[in-house]
Amino acid sequence: MKFDLHVHTSISPCSRLGLQELLDNAGRSGLDGVCITDHNTMAMRNYLREGIQENGLCIILGMEYSTSKGDFLIFGPFEELRPDLGAEELLSHVNRTGGVAIAAHPFRSGRSTDESVVRHRLCTIVEGVNGRNNNYENGLVTRWQSRYGVKTVGGSDAHSLEELGRVTTCFREPVRDRATFVNALLKGRWSIAAQQNYS
Ligand SMILES: [Zn+2]
Ligand SMILES: [Zn+2]
């Protein structure tokens, strides 16, 4: 199943991608699933039912949580998570509660992930390809693959319809809800990020 793991809807102040627009067009972008990862909120849960939609698209709700040591895509029981946790506190909580965290755009200039987070294995999955990073920034991730054995996924970081599905991650097994999604990530059952129309 082909997923875009990193998508902002218009709930994020910086995005102009509407929910209906996303639902109507994700299939056309070749996607079987979309993770909605708005900045520091899972408020999208008030506007749709998570899981398989009427048109067959699978929606998973998570969020992109900002810390001074980087931004993390987190998936799990985090609807009521309080803001302003430090990276260590956040990632310990995610790991303790059976969730999963992905370091977003780890080498983006000015918005990178602190290396200590992967060195201490608080986070073991990182974005190897982020659709808003340039090739140079994405390429630096190979350092951490060889040094720390981090696993890599891909996501578009879409803030508009044009960007939706540009970078994807393919799961080998069916994902139908948040639990099966988290399980697939924890078990490492995905193939390397595919790239579409991305340069
Ligand atoms: Zn970010
Ligand atoms: Zn983002």
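E88 is partly exposed because 15 other C-beta atoms lie within 10 Å; a residue is called buried if 20 or more other C-beta atoms lie within 10 Å of its own, exposed if 12 or fewer, and partly exposed in between, with C-beta atoms placed from the backbone. E88 is found in helix α2, where helices (H or I, at least four residues) and strands (E, at least two) are DSSP runs numbered from the N terminus. Between E88 and V182 there are 94 residues in sequence and 20 Å in space, taken from C-alpha to C-alpha.

This is a predicted model, in which local features need pLDDT of at least 70 and side-chain atom pairs count only at pLDDT 80 or more, while totals for chains, interfaces and linings use all residues. Residues are numbered from 1 along each chain as its sequence is written, and chains are lettered from A and ligands numbered from 1 in the order in which they are written.

## The chain as a whole

The protein chain contains 6 helices and 11 strands, and its C-alpha trace spans about 40 × 35 × 35 Å along the principal axes. For 199 residues, a compact globule would have a radius of gyration near 16 Å, and the 15 Å of the protein chain agrees with this; the radius is taken over C-alpha atoms, and the globule rule is 2.2 Å times the number of residues to the power 0.38.

Of the 199 residues, 44% count as buried. Two residues are said to be in contact if their C-beta atoms, placed from the backbone, lie within 7 Å, and among contacts between residues at least 6 apart in sequence, 68% join residues at least 24 apart.

## Two helices with a buried face

Helix α2 covers residues 87-96, and its buried residues are A87, L90, L91 and V94. Seen down the axis of α2, these buried residues fall within an arc of 90°, so they line one face of the helix; the arc is that of the directions from the helix axis to the C-beta atoms. An α-helix has 3.6 residues a turn, so residues three or four places apart point the same way. The face of α2 turned away from the buried side carries the exposed residues E89 and R96, whereas the buried residues pack against β5 (63-67), β6 (70-75), β7 (100-103) and α3 (115-119). After α2 comes G98, whose phi is positive, near 75°.

In helix α6 (residues 178-186), the residues F181, A184 and L185 are buried. Seen down the axis of α6, its buried residues fall within an arc of 100°, so they line one face of that helix. G188, which follows α6, has a positive phi near 75°.

## The five-stranded sheet

An open sheet of 5 strands has the order β5-β6-β7-β8-β9, with mixed pairing. β5 and β9 (151-155) stand at the edges with a single partner strand each, so one side of each is left without a neighbour in the sheet. From one strand to the next, the twist averages 40°, where axes are lines fitted to C-alpha atoms, for helices over the stretch in contact, and angles run from 0 to 180 degrees between N-to-C directions.

Two strands pair if DSSP finds at least two bridges between them. β7 and strand β8 (residues 125-130) run parallel and are joined by 2 bridges, and I102 stands opposite I125 in β8. β8 and β9 also pair in the parallel sense, over 5 bridges; E127 stands opposite V153 in β9, and V129 has G154 of β9 as its bridge partner. Both strands are mostly covered, with 6 of 6 residues buried in β8 and 4 of 5 in β9.

## The nonpolar core

What size is the largest nonpolar core, and which residues have the most contacts inside it? The core has 48 residues, and those with the most contacts inside it are V34, F72, A101 and I102; a nonpolar core is a set of buried Ala, Val, Leu, Ile, Met, Phe, Trp, Tyr and Cys residues joined through C-beta atoms within 7 Å. Leaving aside neighbours within four places in sequence, A101 is in contact with F72, L73, I74, L91, V94 and C123.

## Two loop residues with positive phi

Most residues other than glycine have a negative phi. N40, although not a glycine, has a positive phi of about 60°, and N40 is found in the loop between β2 (33-36) and β3 (51-52). H105, also a residue other than glycine, has a positive phi near 30° and lies in the loop between β7 and α3.
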